[in-house]
Amino acid sequence: MSHLTERALGLHAIDPNLVSAADRTHLAACDDCRRALAELRLFEDALRDPETWIGLSPAAPSPRTAELRAFAVRLAAEDEEAVVLLEDFREPSAAARFMWDDVASRPEYQTGGVARLLCQWAHTMCERDPLYALKLAEAATSIAMTLPDASYPRNTIHDLRGEALKEQANALRFLGRLPEALRAAELAEAEYRRLPHENLGLASIHYVLGCIHYEQDGLDAAEQAAHEAADAALRLGADEQYLNAQYLLGHVLFDRHDYAAAAGIFETILRQGQSSGTTAWIARGSLAAGGCYVELGKLVQADRYLHEALRLFISLDAGLDVTRTQWAIGRLLFAQGNAPEAIHRLRRCLTELTAYHAITDAGLVAIDLAEILNAAGRMRQVPQVLANVVTTFMNAGKLTSALTALAYLKEAANQGTMTPHLLAYVRRFVERADREPDRLFAPPLSEPL
Amino acid sequence: MTALATDRLIHAGRVAAGHRTADNREDAGARFDALYASYAPLLRKIAMRKFGIPAGDVDDLVQDVFASYLANQAAVRDLHPYLIGAICNASRQYRRKGDASPFSPRPEHRECGATPGDELIDGVIRNLVIRTTLARLGESCRDTLERFYLLGETTAAIAERRRKTANYICRLLNYCRNRARSIYAGMHSGAPT
């Protein structure tokens with residue numbers, strides 16, 4: 001007997017009694033017809049699903065959806081207007097005029113669009129000009145706080161306020177005003193917690209909090225915040241934020257001298273960079289993992305990672321990172337017993353970092369160089385290396401406590417009292433000096449036994 | 001997988017929203033319509049199936065997720081996992097608040113990866129395309145299918161309302177559904193017809 005027609009199959013799907021007994025008998029025995037009926041049933045299942053029918057009735061969309069649509073249109077309009085209103089203040093050279101104009105107090109600037117754009121600029125500006133970034137973020141905060149709670153639907157005003165406070169915290173962090181940064185970050189977190197659910201802002205603020213704790217030597221708090229940031233970012237598929245959080249976590253572990261765990265984290269980062277094809281993350285992960293393996297004395301792995309990082313940073317034309325990798329390779333060479341080549345590399349790094357105006361890094365390289373010269377029995381060269389870097393700091397106008405620390409170390413080298421403990425103490429101080437410019441240098445109280 | 005799923009959903013959503021990409025790129029409202037049409041069904045399904053959120057409360061969570069996305073557009077680099085992660089967060093939050101509520105928790109469904117399975121996405125895309133198909137049917141056909149499949153009315157009840165015989169309604173139903181399948185097959189080659 002031939003297969004059921006499409007019409008017969010369709011009628012059978014509606015009611016089996018609508019087709020003949022012979023058709024029903026055939027259907028029970030025929031795989032092809034049963035398969036065709038199963039496909040038809042799949043289509044019918046979709047017709048029974050309420051989702052299929054949404055929006056098909058002539059009625060207008062629900063008021064809540066209409067409200068969201070209006071919100072989308074309004075945000076776009078606000079953003080467009082903000083670009084026009086703020087076009088004269090984009091560059092740091094406009095900082096004085098921006099402050100003089102006090103835009104936050106002028107009604108035409110009191111829109112979410114202006115606050116968002118100020119946040120965006122503050123974010124991109126915080127490394128280049130943290131003071132201007134702070135002024136931008138403060139203005140954004142002031143505007144966001146002025147807007148009534150009900151001005152945006154579904155509590156999203158707290159998102160804007162959290163964002164502005166987060167940028168304020170970030171700028172304060174870059175200025176080294178860590179207690180104020182911490183306060184702003186906590187306020188930002190409180191705003192984000194008022195949202196109906198956890199979103200990207202909370203992931204970011206955990207990261208900022210982690211950085212602040214890290215810079216204040218609060219490694220436990222930094223670790224916890226880094227975990228929270230990573231978890232929150234992972235839940236929202238925010239890869240970049242996840243990697244940033246993991247990178248912070250790696251540095252926390254490194255500072256705890258848990259080099260094996262830190263290497264594990266950095267290797268995970270570089271593998272994720274590989275899977276997403278992000279060369280910058282592969283390079284960063286390789287450099288950091290290589291540094292860990294130098295500390296662990298696993299020099300073969302260190303060599304492989306550091307040379308891979310060097311190759312990648314060169315391919316990215318990232319000059320400063322190339323020099324930083326050369327610096328790590330210099331330390332590796334020393335660990336491999338090749339002190340002359342290590343000294344040669346570090347001297348070159350000193351010159352290059354000075355040329356890049358990476359003065360703090362130059363100071364740190366000088367400390368490493370002093371350590372290697374000392375170990376290589378070339379102690380007499382150390383005071384000159386440190387004197388040069390002190391001059392570099394002075395010429396750059398970097399009259400911070402780091403300068404005092406380096407000058408102290410130079411004197412210790414002159415007097416033959418420089419010890420590994422003192423070197424480590426000064427290195428740690430110089431590392432933090434940029435972020436905490438108000439911190440005063442005091443010599444270590446005593447040598448460890 | 002994620003980018004592919006996003007493309008497929010957005011494409012299906014644009015078709016469902018009748019949105020022409022090239023003509024309306026600058027139109028934030030049209031972009032929102034397409035996005036909402038693409039993702040709202042998927043987000044509802046995740047909230048209901050994975051977290052057991054009651055149907056009456058699901059829309060509220062979905063609206064929160066879209067509002068949150070709109071407020072964070074600049075920071076969202078990967079839309080698909082963001083929206084899915086956000087509905088999971090919103091659903092978890094709902095369940096945390098509702099711990100004292102009468103419905104029983106379903107802890108086995110609380111875990112929520114950023115990427116739902118292909119089966120779920122395929123189902124959502126099929127619904128979106130069928131929705132577009134139904135929009136192209138005549139009013140009488142659509143009404144008949146809606147009453148029978150969505151509202152669960154019997155052929156006899158529909159016949160009585162239309163003053164026709166039940167047998168006629170069965171044949172009409174068969175014709176309308178076959179017509180819909182034929183349009184669907186033309187729009188969605190490769191999908192089950």
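**Exercise 1.** Determine whether Phe43(A) and Tyr184(B) are buried or exposed.

*Solution.* Buried means under 20% relative accessible area, exposed over 50%, and partly exposed in between, with a 1.4 Å probe and protein chains only. Phe43(A) and Tyr184(B) are both buried. The model is predicted: local features need pLDDT of at least 70, side-chain atom pairs count only at pLDDT 80 or more, and totals for chains, interfaces and linings use all residues. Residues are numbered from 1 along each chain as its sequence is written, chains are lettered from A and ligands numbered from 1 in the order in which they are written, and side-chain values use heavy atoms, without hydrogens and water.

**Exercise 2.** Classify the pair formed by the rings of Tyr247(A) and Trp281(A).

*Solution.* Rings of Phe, Tyr and Trp (its six-membered ring) pair if their centres lie within 6.5 Å; planes under 30 degrees apart are stacked, over 60 edge-to-face, and the rest tilted. Here the centres are 5.7 Å apart and the planes stand at 75°, so the pair is edge-to-face. Next, Tyr247(A) is partly exposed at 23% relative accessible area, whereas Trp281(A), at 1%, counts as buried.

**Exercise 3.** Which charged end sits over the ring of Trp281(A)?

*Solution.* The criterion requires NZ of Lys or CZ of Arg within 6 Å of the ring centre and within 35 degrees of the ring normal. The charged end of Arg284(A) sits over this ring, 4.4 Å from its centre.

**Exercise 4.** Name the residues that form one aromatic cluster with Tyr408(A).

*Solution.* Tyr425(A), Phe429(A) and Phe441(A) form this cluster with Tyr408(A).
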